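Please look through the structure shown below with attention to its charged pairs, its nonpolar surface and its strand pairing. A short briefing on these topics comes after it.

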Amino acid sequence: MARHEPASPVVRQIDQQFLICSICLDRYCNPKVLPCLHTFCESPAILSICPLVCLYLPSCSHTPVFHHTAPMSVCPSHPLLSACTPTLQCLQNYIPAQSLSLSCPVCRQTSILPERGVPALPNNFFITNLMEVLQRDPDPCGAPPAPLPPLGAATGQPLCCPNHEGKVMEFYCEPCETAMCRECTEGERREHRDHRTVPLRDVLEQHKAALQHQLDAVRARLPQLAAAVGLVAEISRQLGQRRAEAEAEIGSSFEELEAALRQRREVLLRDLEATCAAKQQVLEAQLEVLRQGQESILSSCAFTEQALHHGSATEVLLVQKQMGERLRELAARPFPEHPHENAQLEFHAEPEGLRRSIQNLGALLTTSATAHTTVATGEGLRQAVVGQPCSLSVTTKDKDGALAKRRVKSPGGGHVRQKALRRPASMYGSAKRKENPIEDELIFRVGSRGREKGEFTNLQGISTSSAGRIVVADSNNQCVQVFSNEGQFRLRFGVRGRSPGQLQRPTGVSVDTNGDIIVADYDNRWVSVFSPEGKFKTKLGAGRLMGPKGVAVDRNGHIIVVDNKACCVFIFQPNGKLVARFGSRGTAERQFAGPHFVAVNNKNEIVVTDFHNHSVKVYNAEGEFLFKFGSHGEGNGQFNAPTGVAVDSNGNIIVADWGNSRIQVFDSAGSFLSYINTAADPLYGPQGLALTSDGHVVVADSGNHCFKAYRYLQ
């Protein structure tokens with residue numbers, strides 16, 4: 001439709017900013033306002049279509065059969081042809097048929113559609129009045145328009161009721177929060193029966209004041225948003241700068257390597273030339289001696305033969321003595337008949353090892369930590385002395401409040417992890433020394449990121465059973481998955497929710513002697529017990545637990561629960577009765593700082609990983625402290641936030657070292673023995689771990705969204 005273009009630039013600007021529907025890109029026709037305050041056409045808009053275009057151009061999307069809603073007009077492109085005017089409806093066509101909701105085409109906010117559909121949406125009287133003002137006074141001279149009149153004053157008449165034509169809206173229905181006419185309140189089919197109505201003018205100022213208050217409150221957020229925009233833009237700028245710096249460092253590093261390679265090439269070529277020249281010099285000298293000897297023999301033989309065949313008796317006798325001495329000397333002369341040098345000269349290198357090193361050369365270090373969620377704890381925050389060391393612990397978290405792990409990405413070779421060492425032959429807590437010439441190795445891995453069977457999103461705890469099952473707590477998918485010892489999927493159960501039998505954030509998992517599956521639910525603050533088939537049986541710890549993380553079953557059938565948030569350990573009977581509780585927040589022997597998982601050894605001793613204290617602590621069955629081991633670091637026997645823990649049949653303690661992405665093995669007294677070699681498939685933030693019934697180690701590789709089984713040599 002060729003719509004009216006205002007001549008005045010000011011009016012044209014008003015027209016473009018306020019009076020154009022973003023669906024049809026034309027002036028509003030019966031404008032309707034959505035709950036998000038964006039306005040669109042409801043009524044038909046008129047679009048002129050040339051029949052030549054409709055009938056003869058295959059690319060045209062209009063159909064030649066349509067209902068004429070306006071008189072024929074002259075086509076601007078084909079003056080000899082007339083154009084018809086089909087009907088196009090903006091909101092009516094935009095909202096799918098039978099839809100009960102609508103999504104704003106501009107901001108995508110979803111809202112409920114009125115029962116009577118689009119026509120029941122509120123009219124935008126402000127836009128309607130503005131269009132009437134501009135249509136009545138298009139301002140052909142370009143003079144600045146007068147201030148817009150108040151609502152209803154633009155046409156000199158009060159606003160009319162949309163439901164009763166010609167009736168003035170002079171009342172206000174408080175329950176419906178809408179203006180209406182008298183007929184709306186008094187007719188037989190009145191729509192506001194039994195509603196309290198008041199004159200419109202009586203509530204106008206009250207509602208204007210309320211709107212002004214809300215306007216001021218919303219406008220007050222603009223400085224905060226402006227500051228947030230500036231902060232995020234600055235982070236984005238810094239990220240771009242870091243990228244440029246990293247790119248320059250990558251370029252510089254590889255240029256240095258290329259220069260070193262070229263330099264090494266030149267050195268090798270020079271060495272090659274010098275070595276070859278030295279060998280050639282020896283061989284050339286030998287050749288010279290041999291050739292001289294050869295020439296001497298040939299000349300002496302020729303002279304002697306000449307004398308014997310052609311000389312007279314007198315001549316032969318005269319030279320006989322001289323020739324005899326010469327021939328005897330040549331016959332006895334030693335010649336270097338064996339080569340004084342050899343031809344061995346080859347280039348030896350190990351390019352495959354270098355190539356592997358180059359493929360893993362360099363790494364990109366990053367985290368998802370954000371400043372507003374990261375927290376600091378420790379004595380150093382409460383008191384500190386100038387010039388004296390103090391300690392505090394900074395826990396980095398991402399935007400969702402989850403622990404922010406350091407991601408080490410190697411573009412050529414994937415995640416970079418600890419360099420697993422060949423396990424030496426070790427005592428393993430016994431007097432008999434075992435030979436161990438074979439490295440541990442990956443047996444299988446199961447899973448990837450996702451929500452289907454055999455897929456995980458932030459898996460946490462893992463446990464095994466004597467029946468040959470592996471049970472995994474799939475935390476962010478709010479379920480538990482069960483596999484065979486060979487990694488074959490068997491079962492999945494769990495429904496998201498906060499009712500008994502539902503899971504909100506499963507973290508720890510264990511299996512008792514009956515095969516029942518015990519699940520620590522961090523967000524529901526209780527422990528749920530399920531049958532081996534995944535049927536809910538009971539829950540325990542509700543009202544006592546604040547954030548259960550790890551769970552285990554001791555030899556008496558007691559359920560041991562590590563409360564990560566309360567920094568303590570609970571011991572329950574299977575019926576839920578509390579047996580004992582020990583621990584509090586701190587760094588002492590019976591204190592914890594974010595304990596994670598728990599295991600029980602063959603002496604019924606309780607082994608707990610103390611995450612933020614970077615140690616493992618061992619207690620007897622009554623909760624009395626026995627000993628601890630580990631400190632913060634990357635060396636043998638040190639931890640960077642230990643998580644999963646298991647104990648083998650010899651009492652050796654196996655610990656998942658989350659921050660160092662490795663698994664360490666200690667004897668029953670806490671002395672370091674070895675690593676489990678995970679080099680075949682490196683870990684990324686391991687969580688729970690367990691030993692299978694056939695003696696393998698399974699670990700929840702949370703960062704890689706899978707669990708892995710490694711051969712474990714006891």
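The notes that follow treat salt bridges, a nonpolar surface patch and a sheet in turn.

This is a predicted model, in which local features need pLDDT of at least 70 and side-chain atom pairs count only at pLDDT 80 or more, whereas totals for chains, interfaces and linings use all residues. Residues are numbered from 1 along each chain as its sequence is written, and side-chain values use heavy atoms, with hydrogens and water left out.

**Salt bridges**

- The structure holds 13 salt bridges, a salt bridge being a side-chain nitrogen of Lys or Arg within 4 Å of a carboxyl oxygen of Asp or Glu.
- Glu-247 and Arg-243 form one of them, with 3.0 Å between the closest N and O atoms; because the two residues lie four apart in helix α7 (residues 222-310), about one helical turn separates them.
- Glu-247 is partly exposed at a relative accessible area of 48%, while Arg-243 counts as exposed at 57% (buried means under 20% relative accessible area, exposed over 50% and partly exposed in between, with a 1.4 Å probe and protein chains only).
- Asp-400 forms a salt bridge with Lys-399 at 3.4 Å between the closest N and O atoms, and both of these residues are exposed.
- Lys-617 and Asp-610 meet through their side chains in a salt bridge of 3.1 Å, N to O, and both of these residues are buried.

**Nonpolar surface patch**

- Residues including Ile-250, Phe-254, Leu-354 and Leu-364 make a nonpolar surface patch of about 680 Å², where patch residues have over 30% relative accessible area and no salt bridge, like charges being joined within 9 Å and nonpolar side chains (Val, Leu, Ile, Met, Phe, Trp, Tyr) within 5 Å, and where accessible areas come from the Shrake-Rupley method with a 1.4 Å probe, only the protein chains shown counting as cover for residues.
- α7 and α9 (351-359) each supply at least two residues of the patch, and α7 gives the most, with four residues; helices (H or I, at least four residues) and strands (E, at least two) are DSSP runs, numbered from the N terminus.
- Leu-364 lies in strand β12 (residues 364-366) and counts as partly exposed at 41% relative accessibility.

**Sheet**

- Four strands form an open sheet in the order β17-β42-β41-β40 with antiparallel pairing, two strands being paired if DSSP finds at least two bridges between them.
- The edge strands, β17 (442-446) and β40 (686-691), each pair on one side only.
- β40 pairs with strand β41 (residues 697-701) in the antiparallel sense over four bridges, and Leu-691 stands opposite Val-697 in β41.
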